[in-house]
Amino acid sequence: MDADAAYAPPAYRPGYEVVAEKILELIAELELRPGDRMPTENELAARMGTSRTVVREAVKILSALGRVRAHKGRGLYVANDEGMLGASRWGGFFLPTDLDHVYMLFEFRRVQETAAARYAATRATPAELHTIETAAELCREGHLTGQAALFDQGDDDFHTAVAAASHNQFLVAAVREARRLQRQSNIIGMHGEVGSHTAEAVDEHAALYQAIRRGDPEAAAVAAAAHVDRTLEDYRREIQRRVFG
């Protein structure tokens with residue numbers, strides 16, 4: 001790496017994306033809990049030195065991600081999260097652009113998804129196997145046709161179906177919530193560009209499905225771990241690209 005690369009300017013980030021990150025940091029700084037009222041859009045704009053329009057766009061992102069609720073005529077509130085296992089507490093401290101948080105989240109995902117895959121290999125019913133296979137095929141179709149939304153839907157369905165086949169509702173809730181937080185990190189910090197719609201993901205889904213179908217818990221756990229690890233490597237490569245150009 002040459003000196004120019006080492007001092008390359010950071011990649012451009014839209015103003016609303018930066019403000020969305022700052023709003024999450026403010027929620028953590030003020031120790032606001034789900035249901036607490038937040039500063040108004042005008043107050044946020046003044047605090048962050050930006051326009052109300054930019055704040056409104058940031059709030060739209062955070063609303064879509066389930067972190068903020070805008071009540072017409074009443075103001076902004078930290079979203080109530082009805083997930084199991086204290087999911088609202090996870091969202092209360094998780095910062096989507098904090099790399100330490102992102103790496104901890106991947107460690108957590110690796111533990112829960114390998115466990116879910118291992119149990120699914122010994123507990124999946126024929127109907128659950130069909131659901132997993134259908135989701136994997138939906139991912140494949142989305143990848144081959146370049147339909148990102150189709151791939152994303154299949155990806156969510158696949159991971160949810162594997163967790164459901166574990167017959168452990170705590171794992172189902174944990175997998176769902178951790179993936180929700182990862183989606184926030186991807187959208188706010190990485191523009192939705194990481195690990196998207198790749199041929200590797202399609203092949204990894206297929207390997208995991210086949211291991212579950214064979215009833216091989218160790219192979220299923222290995223396949224699940226490999227899938228999470230590859231996604232983490234995608235994050236690391238994207239971070240390096242943004243830092244060094």
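1. Ground rules. The model is predicted, so to speak of local features takes pLDDT of at least 70 and side-chain atom pairs count only at pLDDT 80 or more, while totals for chains, interfaces and linings use all residues. Residues are numbered from 1 along each chain as its sequence is written, and side-chain values use heavy atoms, with hydrogens and water left out.

2. The main core. A nonpolar core here is a set of buried Ala, Val, Leu, Ile, Met, Phe, Trp, Tyr and Cys residues joined through side-chain atoms within 4.5 Å; buried means under 20% relative accessible area, exposed over 50%, partly exposed in between (1.4 Å probe, protein chains only). The largest one has 22 residues, with Ile23, Ile27, Met38, Leu44, Leu62 and Ile188 making the most contacts inside it. Helices α2, α3 and α4 and strand β2 each give at least two residues to this core, and the largest share, six residues, is from α2. (Helices, H or I, at least four residues, and strands, E, at least two, are DSSP runs numbered from the N terminus.)

3. Helix α4. Val55, Ala58, Val59, Ile61 and Leu62 are the buried residues of α4. They sit on the same side of the helix, because they cover an arc of only 160° around the axis, taken from the directions from the helix axis to the C-beta atoms. Thr53 and Ala64, on the other side, are exposed. Just after α4, Gly66 has a positive phi of about 80°.

4. With a salt bridge defined as a side-chain nitrogen of Lys or Arg within 4 Å of a carboxyl oxygen of Asp or Glu, the count is 15. Asp229 pairs with Arg110 (2.8 Å, N to O), linking α11 to α6 across 119 residues. Glu218 and Arg118 make another salt bridge (3.3 Å, N to O); Glu218 is in α11 and Arg118 in α6, so this pair ties together parts 100 residues apart in sequence.

5. A buried pair. Asp155 and Arg179 are both buried, and their salt bridge has its closest N and O atoms 3.0 Å apart. Asp155 lies in α8 and Arg179 in α9, so parts 24 residues apart in sequence are tied together. Through shared partners, salt bridges join Asp155, Asp156, Arg179 and Arg183 into one network. Asp155 is also in contact (heavy atoms within 4.5 Å) with Cys139, His205 and His227, among residues beyond four places in sequence.
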